[in-house]
Amino acid sequence: MKKYYLCGPTVYNYPHIGNIRPAVTFDIMIRAQRYLGEEVFYLHNITDIDDKIIKKSIEENKSEHEIAKKYEDYYLDLFKSFNLEMPTKIIRVTDSLDDMYKYIQKMIDKGAAYQVGGNVFFDVDKFNKVYGSISNQKIEHLISEENNEYGKKNSKDFALWKETEVGIKYNSPFGLGRPGWHTECSCFIDKFFNGETIDIHGGGIDLIFPHHENENIQHFSIYNNPISKNWIHFGTLNYKNQKMSKSIGNLIFPHDFLKKYNPDTYKLLMLSTNYSKPINLTDQLFISNKSLVDKFIQINNIVQIKEINNEIDNEKVNEVITYIANLNFSHAYKEIMNLSKNELSFNTFLKIMNILGFVFTLNKVSEEDKNLYKKWKNLLNDKKYEEADKLRDILKERKLV
């Protein structure tokens with residue numbers, strides 16, 4: 001069984017459409033692998049306690065739980081909206097505090113972590129030959145400019161447990177406080193995969209350092225092995241040549257995106273680009289992808305209306321799905337577009353898109369539409385062209401011809 005982990009959201013606000021790229025791409029990849037017979041355990045976390053959540057709770061005079069629950073519910077609803085299969089397991093920080101206490105204690109027992117007052121820090125210098133291997137940097141280049149606050153040995157040492165003055169506090173063996181962000185993911189991997197090195201760890205490209213670097217070194221300090229065999233780091237989505245950010249005011253939220261476009265428009269965009277590359281979003285790019293999806297909807301309708309039963313080329317299906325399973329999106333996209341251009345390969349095309357979770361493949365043509373199409377064909381046969389043209393306009397509008 002393949003063991004996968006994807007870093008999830010910190011639920012303090014609505015994610016923008018760049019934030020959901022990892023989950024959508026993971027879904028496409030895993031669907032392909034499962035179709036080819038691979039067993040996959042997909043673990044995904046929710047960070048439901050963090051400085052940002054505490055800040056938002058103070059601003060809105062609500063509890064941290066209320067803030068986290070609101071945005072977690074929103075995030076999980078996106079799995080339905082974009083037709084994503086739910087992860088094998090979703091785990092929250094606040095449901096796992098006992099696990100985190102034990103995990104931190106393992107590092108203390110190994111001499112990899114030390115306590116100062118109510119804080120516990122990881123001793124990075126003890127692993128200076130390994131630290132930096134994920135971001136491919138030398139440790140001296142990763143030293144922060146921060147002071148050694150709270151009695152840290154070195155500025156680059158990071159918190160496993162924080163003694164906090166503001167916000168919710170948990171009564172741990174180390175004192176009142178809350179867990180450090182970098183510890184949760186490696187703790188969950190330790191728990192659900194029994195300390196084994198997993199096959200793929202995914203997350204945004206901005207997480208390489210320090211988050212993934214710190215995850216890896218914690219796991220290494222206990223097991224003397226890396227936390228993952230392979231890393232998938234997803235490129236950013238920029239809008240009109242600028243990184244999406246709240247300060248600029250150019251964020252596109254999923255609920256706003258879905259008012260204009262269907263989820264397949266977004267999924268096709270992910271499929272058309274290498275997962276690690278940034279995408280510069282423009283209104284024209286959205287419109288172009290929407291036009292392609294409209295064409296795909298039409299193909300699905302035509303196959304049903306005309307009762308096209310051409311044999312599916314399963315060899316071609318396996319070829320394209322294998323490309324997707326290996327994240328070779330460029331080859332897969334080219335094949336998919338070619339298949340969509342020939343009526344003889346429509347059924348093969350539709351099978352591939354259905355495997356990948358595209359919503360349009362689930363659309364069923366109504367009996368009313370089928371009867372309307374037959375009526376149009378009869379009018380053409382009877383050479384009643386004026387009436388037929390009126391019906392054809394209706395059929396075109398419904399993407400049936």
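K246 sits in the loop that runs between β12 (242-243) and α7 (254-260). The model described here is predicted. K246 is exposed, with a relative accessible area of 67%. Leaving out residues up to four places away in sequence, K246 touches N13 and L251. The unreviewed UniProt entry covers K246 with the annotation "binding site".

K56 belongs to helix α2. Is K56 buried or exposed? Its relative accessible area is 12%, under the 20% limit, so K56 is buried.

I67 and Y71 are part of α3, where, with E64, they meet I53, I54, K56, S57 and E60 of α2. The residues of this contact divide into four nonpolar, one polar and three charged. Helix α2 (residues 51-60) and helix α3 (residues 64-81) pack with their axes 8 Å apart, at an angle of about 110 degrees. Angles of 65 to 115 degrees count as roughly perpendicular, and α2 and α3 are therefore roughly perpendicular to each other.

The annotation "binding site" in the unreviewed UniProt entry also covers C7, C185, H211 and E215. These residues span 209 residues in sequence, yet no two of their C-alpha atoms are more than 11.0 Å apart, so they gather at one spot. C185 lies in helix α5 (residues 181-192), and H211 lies in helix α6 (residues 208-223). C185 is buried, and H211 is buried as well. Beyond its neighbours within four places in sequence, C185 is in contact with C7, H211 and E215, and also with Y5 and N45. H211, with residues up to four places away not counted, touches C7, C185, W181 and H182.

The table lists the relative accessible areas of the annotated and contacting residues discussed above.

| Residue | Relative accessible area |
|---|---|
| K246 | 67% (exposed) |
| K56 | 12% (buried) |
| C185 | 1% (buried) |
| H211 | 1% (buried) |

Helix α10 (residues 314-325) can be checked for its length. At 1.5 Å a residue, its 12 residues should span 16 Å, and its end C-alpha atoms are 16 Å apart, which agrees. The buried residues of α10 are K316, V317, V320, I321, I324 and A325. In an α-helix there are 3.6 residues a turn, so residues three or four places apart point the same way. The elements that cover the buried residues of α10 include α1 (21-35), α8 (263-271), α11 (329-339) and α12 (346-355).

Notes: Residues are numbered from 1 along each chain as its sequence is written. This is a predicted model: local features need pLDDT of at least 70, side-chain atom pairs count only at pLDDT 80 or more; totals for chains, interfaces and linings use all residues. Side-chain values use heavy atoms; hydrogens and water are left out. UniProt positions are given in the numbering used here, feature names are shortened, and annotations may be inferred rather than shown by experiment. Helices (H or I, at least four residues) and strands (E, at least two) are DSSP runs, numbered from the N terminus. Buried means under 20% relative accessible area, exposed over 50%, partly exposed in between (1.4 Å probe, protein chains only). Contact means heavy atoms within 4.5 Å. Axes are lines fitted to C-alpha atoms, for helices over the stretch in contact, and angles run from 0 to 180 degrees between N-to-C directions. Angles under 35 degrees count as roughly parallel, over 145 as roughly antiparallel, 65 to 115 as roughly perpendicular and the rest as oblique. Ala, Val, Leu, Ile, Met, Phe, Trp, Tyr, Cys and Pro count as nonpolar, Asp, Glu, Lys and Arg as charged, and the others, Gly among them, as polar. The expected span of a helix is 1.5 Å times one less than its number of residues.
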